[in-house]
Amino acid sequence: MVDRFNALARRLPTWAVYLIGVLPAPWFLYLGATGGLGVEPIKALEHELGALALQLLIFGLCITPLRRFAGVNLIKFRRAIGLLAFFYVFLHLLVWAILDVQVLSQIWADIVKRPYITVGMLGFAMLIPLAVTSNNWSVRRLGPTWRKLHKLTYVATVLGGVHYLMLVKGWQLEPLIYLLVIAAILSLRVKFQNLRHA
Amino acid sequence: MAKRWTNELTRADVTPEKSFLNRRQILAGIGAGAAIGLGGSVQAQEDLKPNSWEEITSYCNYYEFGTGKDDPSRNARALTTDPWTVKIDGMVDRPGDYALGDILAKMTIEERIYRFRCVEAWSMVVPWNGFELADLLNMAGVQTDAKYVAFETVYRPEEMPGTRYPVLDWPYVEGLRLDEAMHPLTLMATGLYGKPLPNQNGAPLRLVVPWKYGFKSIKSVVRITLTDTQPPTSWNKSNAREYGFYSNVNPTVDHPRWSQATERPIGGGLFASKKDTLMFNGYDEVASLYDGMDMAKNF
């Protein structure tokens with residue numbers, strides 16, 4: 001079963017993952033423009049893009065444990081998943097700034113003044129060097145530093161989850177579930193490292 | 001005691017719901033025109049037309065039915081609104097369980113087109129039908145020592161799937177100072193566009209306080225209690241730093257997590273622009289209720 005899945009994944013070209021991965025963007029935009037996201041499409045679009053970005057970040061972090069614990073090999077797609085996550089975080093940010101806040105001075109004021117936006121921006125800022133170095137040349141050039149640098153994904157994903165929890169009103173279930181999943185992935189990581197050092 | 005307040009927000013000819021217009025609404029429109037002619041407040045009425053039925057009934061915050069904006073419209077039909085009883089107790093001369101039908105028989109239903117400003121910085125214009133809360137309170141006989149009015153929403157977990165999660169401390173409760181409750185703008189709504197209130201909008205009876213953030217306008221009211229102490233309110237209990245007892249619409253006092261200076265009118269689509277939020281949501285006639293109060297402290 002796992003072998004057949006791996007064989008199938010091996011045959012799937014990376015460009016297909018990029019292509020499928022970007023399709024939700026025009027789809028959500030189309031839905032928002034035609035009433036498919038309800039009577040307030042701006043917040044809805046912002047939410048859909050943010051949620052997708054967080055899901056992709058989490059999926060990216062699952063790839064290593066999936067191979068280690070389940071034998072499922074998706075390493076080939078990890079870069080695509082990471083870059084797609086960055087793409088959606090960036091779109092989420094654009095929709096927030098251009099369609100939602102609209103006022104340039106207020107965008108900056110919000111980043112500085114509103115902790116949940118500060119946290120979100122910090123997460124986005126961390127993803128920039130990761131996106132920039134997501135190419136073979138950078139991997140070769142940076143060597144072992146590249147692996148260390150890309151551990152920032154963990155921090156950025158945690159910040160994304162916290163950002164979501166901070167922006168909702170009251171104690172809502174969905175952001176707590178995201179944070180729980182992120183915590184589970186992190187604990188797997190820590191456990192594995194302890195095993196290695198033992 | 002009805003008709004103490006004159007509508008000035010009607011622009012019935014441009015609403016898509018003109019088929020719902022009844023004679024009373026048309027008369028109200030003429031009345032509003034006359035008021036403007038006499039030099040009434042003209043502020044901010046130029047393009048205030050009601051939001052569509054679809055907008056008002058599909059985009060709701062009613063956490064007892066889920067936290068998503070479209071959850072209430074999908075889940076609220078399970079709520080039984082007939083029969084309905086409102087317990088009126090505390091410092092009143094005639095406490096008791098009042099059947100909604102008996103209440104309505106004594107009240108005059110009128111149309112009120114009000115601006116509605118959510119604490120989340122979006123807004124609508126809603127053509128409510130209802131009666132003044134003052135009339136209901138007078139029916140029960142408010143005692144002289146009463147200073148506040150407490151309200152409670154129905155709590156039926158079997159009909160309200162959102163209450164399975166402790167998003168808030170159920171049942172939802174709200175409160176007003178007595179003078180706020182007695183103000184002629186303060187409405188108990190029973191309908192929208194001349195039709196019965198849909199469940200997701202707080203059927204069969206809800207409060208509407210147009211100069212306060214929307215969460216003050218408690219839905220599906222089953223209990224009204226007159227007291228001499230400030231009653232607890234749900235969002236204040238949940239997060240006192242973010243939601244005060246008064247919660248008057250105020251563009252100069254930001255929510256800790258977002259600005260309240262502007263709002264997005266619902267219905268403008270993907271490229272809707274924002275507009276400036278008005279002090280007391282444009283209802284300046286209530287300003288005297290808060291004379292001498294620090295609105296930043298009593299937010």
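This dialogue reads a predicted model through one annotated residue and one chain interface.

Colleague: What conventions apply here?

Modeller: In this predicted model, local features need pLDDT of at least 70 and side-chain atom pairs count only at pLDDT 80 or more, while totals for chains, interfaces and linings use all residues. Residues are numbered from 1 along each chain as its sequence is written, chains are lettered from A and ligands numbered from 1 in the order in which they are written, and side-chain values use heavy atoms, with hydrogens and water left out.

Colleague: Is B:S217 buried or exposed?

Modeller: Buried means under 20% relative accessible area, exposed over 50%, and partly exposed in between, with a 1.4 Å probe and protein chains only. B:S217 is buried, because its relative accessible area is 3%.

Colleague: Which residues does B:S217 touch, not counting those up to four places away in sequence?

Modeller: Contact means heavy atoms within 4.5 Å, and on that basis, with residues up to four places away in sequence not counted, B:S217 touches B:R206, B:L207, B:V208 and B:V209.

Colleague: How is the size of an interface given?

Modeller: It is often given as the accessible area lost when the parts come together. Buried area is that loss for two parts, taken with a 1.4 Å probe and summed over both; chain B and chain A bury about 2,200 Å² between them, 55% of it on carbon and sulfur atoms. B:R257, B:R264 and B:L270 supply 34% of the area that chain B buries against chain A, more than any other three residues.

Colleague: How many salt bridges cross the interface of chain B and chain A?

Modeller: With a salt bridge taken as a side-chain nitrogen of Lys or Arg within 4 Å of a carboxyl oxygen of Asp or Glu, the rule finds six across that interface. The side chains of A:D100 and B:R264 meet in a salt bridge, at 2.9 Å from N to O.
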